[in-house]
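Please look over the following structure together with the briefing below, which takes up the chains, their contact and a selection of local features.

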Amino acid sequence: MSGSSTNGPGENGPGEASFTALRGQLHEAATAFADGPDALEGILLGMVDDVDRAVREPLEIFPVCHHSPASALAMARRLREKQPKVVYLELCEDMAPLLGELRNCRLPVAVQAFASDIDGFPAEWAPLSVVAPVTEASAEYQAIAYALDTPGVELVLVDRSSDHVFQWDGRHGERTPQEASGPAAGSAEPEAALHGEAVGVEIGDLRPRFAELEEHLLRHGKVRHWSEWWHQYVEVPLGDSDHAAYRQVMFLIGSLFRRLAPGDGDRVRVDEDRERYMWTRIREHLASSGADPEDCLYVCGAFHAASRVEEFGVAGSGSYLISPRSATTWQHGLIPSSHAAIEAQFGLASGSVSIAATQWAKNLKRTRVQPFRLAGQDGARKPRASKRAAPAVPAAPEEAAADRLSGFLRRPPVLDTLDEAELLGWSVDIVRAARRSGYLASTADAIAVFETSILLAGMRDRAKPTPYDFQDAAITCIEKDAVPGRRDVRRLVEIMMGGDRIGRVGYDALPPLARDVHDRLAPLELRLQQRGVQRALLDMHSRPELGACSDVLWMLRRLMPHGAARPIMGERKLGERSIQESWDLALGTHQRALIELGYEGVSIEQVLEQRLRRDAYGPRATTAVVLASVEDATLYLRSRRLADELGHRALEVLAAERTVDGAPEVLRRVRGLLAYYRTGEPVLPPWVESFVKAGYAHYCTLLPTAFTDEDVTAGQVAAMLGFLFSMESLALSLGCDRAQLELAVAQSRPTDPERTALLWAAQVQLGALSRAELRERCGELLANPMVVPAYPRYLSGFVHALVPVPGLADVVVEAVSNAFARLPDPVLLPWLPTLITTLRAGAADLAPLLVREAGRIFPARLAALDTWVPPWHEVPEPDASAAGRAEAADGGCRGAALLFAHPGTLDVVAGLLGCDGTWAAPDADAAGPALSARHPDTATAWESLLTSS
Amino acid sequence: MSDVLRAPAEAKYAEELDWLESIDDSPKPFSWRLSPKMVRLFILGSERADGLDREISQKWFGDRSFVERSIVTLASDRGLLLIGDPGTGKSWLAELLSAAISRNSTLVVQGTAGTTEDHIKYSWNVSMVIAKGQSRESMIPSPIMTAMETGAIGRFEELTRSTSDVQDALISILSEKYISVPELQSDGTDAGDNIVFAKPGFSVIATANSRDRGVNDLSSALKRRFNFVRIPVVTNKKSEAEIVRFRTEELLRRHAIDLDVPPTLLDVLLQSFADLRASAAAAGSDDEKLESALSTAEQIGVLEDAVLHSNFFGESTLTARTLASSLVGSLARRDPEDLAIFNKYLHGVVEPRSKQEGGSWPEFLDGGRDTIATLS
């Protein structure tokens, strides 16, 4: 395999010569170390072939690794040197239109493709979401900034579209998007969940795909995790190397991982498909635009640069057919991201992205390379010099293929010189930070941290402590047996090294809905784009224009996750309106949720309407759910049209329903809506009338089965009865027949005590049973020792019966009192918790009713209790005085009878007022108008007044 | 077989340490016998990439960074406090460190409720004091004082078991690095006679049990003078297997027992401990979990018991039956509770597994049942 190259001998003259020496050395090494030279030699020489091939490709390939400051630096340098006309970038091609909006954001943000209406994928995958985070310290941002801000330069995204991400994911049927998505959702830090459930795509994913290889590298590198390995063995040595060396080393690493440990077959297949896709797109673009490959730059992960697919290269075969996208509609936007979210999504060590950002800033200062920044980039410092001022150094293409690898591989590890001042600064800072979070740290600790860092670095063969060594040293010296505050030393170091940076999507880059929300909330005069909770006070009494803000806030509360908008004071209920409200708003913190809302529509009203409709017309919609939608439509949208439409839908759902599970909820909602329409509208909406009619018939039909069905609870039966009794008058006026209800009750033959009690209550309400009979039945139950154990369950039934028949409260109080008086303890005590829970569940309705009734019946003071006889024990005897009064009232003058019975009072009053009148005998014949006959003046005055007008 | 039941690490690995010292050309701090890198190599073992002529075995199993941080602490002027659950290998690490650094791991003070300040500083040989009066000859130096005088590593085991006043005696030793002996007169000519100064290389390794937290809490002044290294419980099955194998081999060598521990039985032991730990984690009250901490050290104890039993009373082969009987025998400490847990474990977990997987499990199940029957 040595010396054999895929390219023809004519075009690779200098390259062939340049790598010959390295090949020879590797060949010798392979024979020396391995018993059978084939495998090892194949891998080693194959790697050189890969590098050779990639270097010789006429279209310059720029290999990158994600979150590598060295890549970003090399990219900035190369762009200034080469000034390419076209930049091909490994990023989902459908994300291109959004990149210009990056300038309005504070990085890191993520480009998102989102689809909620999916077509062509399994329905349970919805919603689909792909994110590509962009940080400032990345090579791709350099390329984007250069291409967008340099006139005449074209940026072409060539990777598969978001749609293909899922197409290819599902094609092999093994990984669902849920599995592929980052572990962010369960992470402890809230910032880590910024990407939600999205699938992450990233440029330059470069990491061994083979756990054993990674473990081996870590062990021999004496480092703890992959980010540290990369930092020490690639990042630092590559820091100041020139373009050719950078490229060759990156090609080599890409090839090494690819040849040694390609990972599982599916993943390799997807990778190779992506490479075919990208090269096919590049060739298409080259053909259509006529660009010279010499003027172009292809930015891709080092892994893909070492590709061996046939389509590789400008001259590769063009047989690959790109499959069409599915019919899914994709929405695109930018969402805020954070270093922690990126680390969580891509399994990087905690703090590594922040350390990369710090390293990038340091490299810039040290090398004085002028980075590219999008003009007007939010959150960035103003560039000191114009970008045009940077001199364009012409590239030296003849050197590109020269062997720079041998030197790099033979060189001992590059030791960064010790930057004592920097380390001192870190040591002092960490002690200060530790003190602030409650540690007993002092200057002595700063000295110890400094010393320990150097010792640790020396032990790990590093001349200069890396941030990771420093972190270990700080933990050793400062962390004791317990963490005093919220953060431990490890976290404090992470924060100190740059900490988590959370991006923000600027106003101009927001979708129309989010902009609209911010515009409409502008009267609140709060900076809602900022993260954190802000308190909004709305006094609609003095500033009526804030009413519109209140509407928006209530809708946001309905649509956004908990905590985005939380009312502290004020509520919105049917028929109520608050004068003052106060809110805790955290729209900046929940920016992603607001942006994703923007994918659903252009205004929150539209989104809410869609959601309400979706709820109401969904396959699992129940009558209660649809009625809730009606209520929401009335409350938040004030849309009579939508409420009517959904109301008709409720009618349909009710007609199709065969269970009574939602009866209590339906009753509550209908009562509320009915009360609202009765007070606010001249006539009831037609759907309400139909609903009451249909509901009356529906529940009448289901009543006999509900009374016997074991799955139906007493509460549900009570709610059905409640609907029937409380809507009865309306239903009868609309043409329902009471006989239907009477028949239904007559057909009901419950067997269990609770529902039997309910039936009795219903019969009392309908007049089929008198109260005396009911009392008698209760008395019989208590007297029968065989039934006594079941008595409490009858009582539970009576308590439920207060919902449909509130007039029965006195009987219930009597029954409960009797139970307490006469039930034996072993029966009574176990039932008490049931009573309490039943009362609690219906606390709002039942308890006040019972308490009021009990207050009326029982004596108010303790002393009175001794002589008190419960009213139901009193023997009803004909009351003489009452009978006499009745007689007097009937026989005597109506109303004035009392005056004649007790004339003394009036005489005294008359004496006080100085009147000395005499008593006239009551005139039995003259009723009412006697007074007008006696004093006619008033009447005549009235007459003249009325006739004159 | 040597005539010492358990030789200290520096004697046991004397030859290895000599060899390492002979090839060590890196700078050594103070009076250290090995450079920090060699100390690490001695403890964590060598790899092919180290390019050594002979293989150095791994003696302590755990994260590399713990060892590095410990060594670096000893090279600084702070003491080292190893803190962790019982049975995590704290004392073993301390012994290895002092053996490698100063070739003497026996300068140990054992912290107990009865430890006094004399144990840390010095005491007097009463008969000599009566005969000759108080002098350096009649003084009995503590292990810590000896370490100071020789520039070696002193060890303090179970620091948190001793009372606060005793602990605080360490403060001045760790910060001033000398002990003054007020009973001795300073005659002006020999100014240092009543003060014992520490030689370079002196440091202290203390261990503390994290389960004892709150019994005698360290004062913050003492905390400041120690760097804490927390040793976690080994939960990685692979490294736990390595530890058990390593310690058992050592044990068999010590007892001069020629017996094979079949790898399948080792798996059975590891699996049963993993199961019992999982059930202890899920238990709601103390009655529902075993009293034992189920540490790696307990695991070694169970295996040791089984090995000894089969060597002296069995057929000189370790069987699953013996292993089960040792497991139940050594871990069941409370009569109804622990036995009930084992009964539940055997019937709920082992029985289905023995039907499914076979192997050594059915025999293990029988052995366990028999032992429970005997014990209850």
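## Overview of the two chains

The secondary structure of chain B comprises 16 helices and nine strands, in a model that is predicted. Chain B has 376 residues, of which 39% count as buried, whereas chain A has 949 residues, of which 40% count as buried. For chain A the secondary structure comes to 42 helices and 11 strands.

**Contacts along each chain**

- Within chain A, if one takes the contacts between residues at least 6 apart in sequence, 75% of them join residues that are at least 24 apart.
- Within chain B, the corresponding share of contacts between residues at least 6 apart that join residues at least 24 apart is 70%.

**Where chain A meets chain B**

- The contact between the chains draws 15 residues from chain A and 21 residues from chain B.
- On the side of chain A that touches chain B, helix 17 (443–459) and helix 18 (467–478) of chain A each contribute at least two residues, and helix 17 of chain A provides the largest share, six residues.
- Sorted by class, the residues on this side of chain A are six nonpolar, three polar and six charged.

**Packing of helix 31 against helix 33 in chain A**

- Helix 31 (residues 753–766) of chain A packs against helix 33 (residues 791–801) of chain A at an angle of about 45°, and their axes are 7 Å apart.
- Because of that angle, helix 31 of chain A is classed as oblique to helix 33 of chain A, and the crossing of helix 31 of chain A past helix 33 of chain A is right-handed.
- From helix 31 of chain A the contact is made by A:Pro753, A:Glu754, A:Arg755, A:Thr756, A:Ala757, A:Leu758 and A:Ala761, and from helix 33 of chain A by A:Arg793, A:Tyr794, A:Ser796, A:Gly797, A:Phe798, A:His800 and A:Ala801.
- Seven nonpolar, four polar and three charged residues make up this contact of helix 31 of chain A with helix 33 of chain A.

**Packing of helix 34 against helix 36 in chain A**

- Helix 34 (residues 809–822) of chain A and helix 36 (residues 846–857) of chain A pack at an angle of about 75°, with 9 Å between their axes, and helix 34 of chain A is therefore roughly perpendicular to helix 36 of chain A.
- Helix 34 of chain A brings A:Ala809, A:Asp810, A:Val812 and A:Val813 to the contact, while helix 36 of chain A brings A:Leu849, A:Leu850, A:Glu853, A:Ala854 and A:Ile857.
- The residues of this contact between helix 34 of chain A and helix 36 of chain A are seven nonpolar and two charged, with no polar residue among them.

**A buried glycine in chain A**

- A:Gly722 lies in helix 28 (residues 714–726) of chain A, and A:Gly722 counts as buried because 25 C-beta neighbours are found inside 10 Å, where the cut-off for a buried residue is 20 or more.
- Apart from neighbours within four places in sequence, A:Gly722 is in contact with A:Leu667, A:Val803 and A:Pro804.
- A:Leu667 is 55 residues away from A:Gly722 along the chain, and the C-alpha atoms of A:Gly722 and A:Leu667 are separated by 7.3 Å.

**The buried face of helix 8 in chain B**

- In helix 8 (residues 143–150) of chain B, the buried residues are B:Ile144, B:Met145, B:Ala147 and B:Met148.
- These buried residues fall within an arc of 155° when viewed down the axis of helix 8 of chain B, and so they line one face of the helix.
- B:Gly151, which follows helix 8 of chain B, has a positive phi near 70°.

**Backbone details in loops**

- The peptide bond that joins A:Leu107 and A:Pro108 is cis, with omega about 5°, and A:Pro108 is placed in the loop between strand 2 (86–92) and strand 3 (109–115) of chain A.
- B:Arg103, a residue other than glycine, has a positive phi near 60°; B:Arg103 is located in the loop between helix 5 (90–102) and strand 2 (108–110) of chain B, and B:Arg103 is buried, with 20 other C-beta atoms within 10 Å.
- B:Lys177 is not a glycine either, yet its phi is positive, at about 60°; B:Lys177 sits in the loop between helix 9 (164–175) and strand 6 (178–180) of chain B, and B:Lys177 counts as partly exposed, with 16 C-beta neighbours inside 10 Å.

How values were computed
Residues numbered from 1 in each chain as written. Chains lettered and ligands numbered in written order. Predicted model: local features only at pLDDT ≥ 70, side-chain atom pairs only at ≥ 80, totals over all residues. Axes fitted to C-alpha atoms, helices over the stretch in contact; angles between N-to-C directions. Helix = DSSP H or I, 4+ residues; strand = E, 2+ residues; numbered from the N terminus. Parallel < 35°, antiparallel > 145°, perpendicular 65-115°, else oblique. Left-handed = near helix turned anticlockwise from the far one by under 90°. Contact = placed C-beta atoms within 7 Å. Nonpolar A, V, L, I, M, F, W, Y, C, P; charged D, E, K, R; others polar. Buried ≥ 20, exposed ≤ 12 C-beta atoms within 10 Å, placed from the backbone. Arc of directions from axis to C-beta.
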